[in-house]
Amino acid sequence: MRRKLFWGLAGAALLGGAVVSTPSYATGATAEGSAAACSLSAGSVTAAGAHTTANVTATTPPIKDTVGTTPGAFPAGQARLSSTFIHEPSVGGTDSYGYVVRGDSLYYRFYNFNEGSNISTRIGGGWTNFTAFEVSQYDEGPNGIFRNTAYGLRTDGTLLRWSVGKAWKATGSAPGFASVKSMALISKTRTYDTFLANTRGGALYTIHIPTSAPMKPVVKQVRSGTWQGFETLVAAKCGNYGTLLLGIDKDTKTGNLYAVGHANGTSTVINGLGKVTGTFPDAVNFRWGVVPNLDPLNGE
């Protein structure tokens, strides 16, 4: 798995300046809109540059368990955006890897401090005006396809896409997303990715993005209002076709948990599970995942 991710580093020099051209997971069979036995592994980057991990579980009320902290993951005060990070067991501990925007630059980060691994590779600059970043890694295993697709949302409302392989390759862009506050990946398949996004006006939408070219997102409204209070959305699989959604309010440093049924426009079932115990004090939040072939997202 690590070999596939390191291929992306070979393309770092091609980007030049601007880059515009052991957690717990959702388990159990659950009905649409329910969340029995579901949890997500919420991560953050602290102001001091530490990585944190905490499971958020759909109990009544929802519970955030003890926060685990890994100091020294990043330089203090630099991280702005993070992709999903992966925890992968290793003979000498746990490998942790993903992407993070520090200031104006995007970096690939890999560490296993127990083994002495500590790699931070600059991919390229030009990220000051980006407000969201995510990487969708879809893997069917040894006999299937592997797809590594990156997305970035720019402040002018343009959503950009890259294919990450032996080199980073721009594969399309689409305008019209300036009102989006936050977006969370809820589906990754052979033929499309889907994000759940909230807007400054309070609406909630799905953004369905076929992997084909040219890039043509399909946007569907899920709810018309009340979602404007969340600066960050974090999502994980819940049941076979649902999503456990954490909305984080940066003003109050609190989180609310929702069980979201299989996405189907305004017919989508959403059950509010309540305010999560504990706080979310850090500026950068993300999901901890596992290796892609063991990490399905089927929310749409």
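User: How many of the 7 residues of strand E20 are buried?

Analyst: This is a predicted model. In it, 6 of the 7 residues of E20, which covers residues 254-260, are buried, so the strand is largely enclosed by the rest of the structure.

User: Which way do E19 and E20 pair, and over how many bridges?

Analyst: E19 and E20 pair in the antiparallel sense, over 7 bridges.

User: What do E19 and E20 form?

Analyst: The two strands form a hairpin, with 4 residues between them. In the turn, Lys-253 has a positive phi of about 60°.

User: And how many bridges join E20 to E21?

Analyst: There are 5 bridges between E20 and E21 (residues 270-275), and these strands run antiparallel. Asn-256 has Lys-275 in E21 as its bridge partner.

User: Back to E19. Where is Asp-249, and is it buried or exposed?

Analyst: Asp-249 lies in strand E19, residues 242-249. Asp-249 is buried.

User: Which side chain of opposite charge is nearest to Asp-249?

Analyst: That is Lys-181, 7.2 Å away. Asp-249 has no salt bridge; the cut-off for one is 4 Å.

User: What does the Asp-249 side chain reach, then?

Analyst: The side chain of Asp-249 reaches the backbone nitrogen of Thr-252, at 3.4 Å. Leaving out residues up to four places away in sequence, Asp-249 touches Gly-229, Phe-230, Glu-231 and Thr-254.

User: New topic. What is the strand order in the open sheet of 5 strands?

Analyst: The order is E17-E16-E15-E14-E23, with antiparallel pairing. E17 (218-223) and E23 (297-298) stand at the edges with a single partner strand each, so one side of each is left without a neighbour in the sheet.

User: How many bridges do E14 and E15 pair over?

Analyst: E14 (residues 180-188) and E15 (residues 192-199) pair over 7 bridges, in the antiparallel sense. Ser-182 stands opposite Asn-198 in E15.

User: Where is Gly-202 found?

Analyst: Gly-202 is in the loop between E15 and strand E16 (204-210).

User: Why does Gly-202 count as buried?

Analyst: Gly-202 counts as buried because its relative accessibility is 0%; the cut-off is under 20%.

User: What does Gly-202 touch?

Analyst: Not counting residues up to four places away in sequence, Gly-202 touches Ser-224, Gly-225, Thr-226, Trp-227 and Gln-228. Gly-202 and Gly-225 are 23 residues apart along the chain, and their C-alpha atoms are separated by 4.3 Å.

Note on methods
Residues numbered from 1 in each chain as written. Predicted model: local features only at pLDDT ≥ 70, side-chain atom pairs only at ≥ 80, totals over all residues. Heavy atoms only, no water. Buried < 20%, exposed > 50% of the residue type's maximum accessible area, 1.4 Å probe, protein only. Lys, Arg positive; Asp, Glu negative; His and termini not counted. Polar contact = N/O pair within 3.5 Å; in protein donor to acceptor, adjacent residues only side chain to side chain. Contact = heavy atoms within 4.5 Å. Pairing = 2+ DSSP bridges.
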